[in-house]
Amino acid sequence: MSFYEDKIFPYALDIALAGIQQARVDLVSSAKGRVLEIGMGNGANLPHYSAEADEVVGIEPCSAMVGMAENKLDKLDKKSKLNIKREQYNLQVGSGEDLPYEDNSFDSAIACLVFCTIPNAEKAAAEMYRVLKPGGSVLFLEHVHAKSGVKRRMQNWINPIWKPLACGCNLNRDTKAVFSNAGFDYETIEEINHHPRMLPLFSSVMRGVAKKA
Ligand SMILES: C[S@@+](CC[C@H](N)C(=O)[O-])C[C@H]1O[C@@H](n2cnc3c(N)ncnc32)[C@H](O)[C@@H]1O
């Protein structure tokens, strides 16, 4: 990983996504049982798991981000600000495209602003499907390609410049199709064209719950 990816991008991410704090709380606080968070970055979601989560396994390829997430948990734990015990978190360096976990071993998975960035999103969705138990849920909040109009075209034009600056993030992913193609059924899906708290080019958002049958 480069100096930019390790030392600058993680802080830029916090600033860019500061407005969606409540959306993070809403997303992860309903995760139950053994939970997998894919690409947890610097751990912005981790403090918000509720006592319904028995174990939170986080996997993230950038080791500097994993270190930041571990430090965040340690600090919150010292201040007794975690809803679950520190030992119930298990963070590791690794890729969503090649999950080192057994089939049918998680109750819930969290996909938060990550399927924009995973190089092979189809493979990661198939892996997430494999490791979820039958009846297990993916709770997702993802920015996606706008459905039509000038914004959709601008996302295509700007993506080649944006992607290297944002460490691989794409403005024009069709994550709804990626989850469907992996076998998930949508239990709820809300598609928002202009999320008021996100920067315009990534303010097309889908959020909801998808299930493994
Ligand atoms: C926009 S950040 C979001 C981080 C975090 N999920 C959040 O909500 O703040 C995208 C994350 O995807 C991670 N990522 C990139 N490639 C990945 C892969 N192959 N598997 C899992 N995560 C990946 C990046 O390292 C980065 O932490």
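This is a predicted model: local features need pLDDT of at least 70, side-chain atom pairs count only at pLDDT 80 or more; totals for chains, interfaces and linings use all residues.
Visitor: Got it. Which elements each supply at least two residues to the lining of the largest pocket?
Guide: Those are α1 (3-16), β1 (33-38), β2 (53-60) and α5 (149-165).

Visitor: And which one gives the most?
Guide: That would be α1, which contributes seven residues to the lining.

Visitor: How much space lies in that pocket?
Guide: The largest pocket holds about 830 Å³ of space. Its lining is made of 42 residues, and F9, L13, M65, L113 and T117 are the ones that lie nearest the centre.

Visitor: How do the lining residues divide by class?
Guide: In the largest pocket, 26 lining residues are nonpolar, 10 are polar and six are charged.

Visitor: OK, what about the second largest pocket? How much space is in there?
Guide: The second largest pocket has about 210 Å³. It is lined by 15 residues, with V144, H145, A146, K147 and E191 closest to its centre.

Visitor: Which elements give two or more residues to that lining?
Guide: Look for α6 (175-182), β6 (185-192) and β7 (205-211). By class, the lining of the second largest pocket has five nonpolar, four polar and six charged residues.

Visitor: Then at what angle do α1 and α3 cross?
Guide: Helix α1 and helix α3 (residues 63-78) cross at roughly 55 degrees, and their axes come within 10 Å.

Visitor: Which residues make the contact?
Guide: From α1 you have D6, F9, P10, Y11 and L13, and from α3 there are A64, M65 and M68. This contact has seven nonpolar residues, no polar ones and one charged.

Visitor: Nice! And how far apart are the axes of α4 and α6?
Guide: The axes of α4 (residues 121-131) and α6 are 9 Å apart, and these helices pack at an angle of about 45 degrees. Because of that angle, α4 is oblique to α6. The crossing of α4 and α6 is right-handed.

Visitor: Who meets whom there?
Guide: A121, E122, A125, A126, M128 and Y129 of α4 meet V178, F179 and A182 of α6. Eight residues in this contact are nonpolar, none is polar and one is charged.

Notes:
Residues are numbered from 1 along each chain as its sequence is written. Side-chain values use heavy atoms; hydrogens and water are left out. On a 1 Å grid over the protein atoms alone, a cavity is a set of points where a 1.4 Å probe fits but cannot get out, and a pocket is an open set with protein on both sides within 12 Å along at least five of seven lines; lining residues have an atom within 4 Å of a point. Grid points are joined across faces, edges and corners, and a volume is the space filled by probe spheres set on the points. Helices (H or I, at least four residues) and strands (E, at least two) are DSSP runs, numbered from the N terminus. Ala, Val, Leu, Ile, Met, Phe, Trp, Tyr, Cys and Pro count as nonpolar, Asp, Glu, Lys and Arg as charged, and the others, Gly among them, as polar. Axes are lines fitted to C-alpha atoms, for helices over the stretch in contact, and angles run from 0 to 180 degrees between N-to-C directions. Angles under 35 degrees count as roughly parallel, over 145 as roughly antiparallel, 65 to 115 as roughly perpendicular and the rest as oblique. A crossing is left-handed if the near helix is turned anticlockwise from the far one by less than a right angle, and right-handed if clockwise. Contact means heavy atoms within 4.5 Å.
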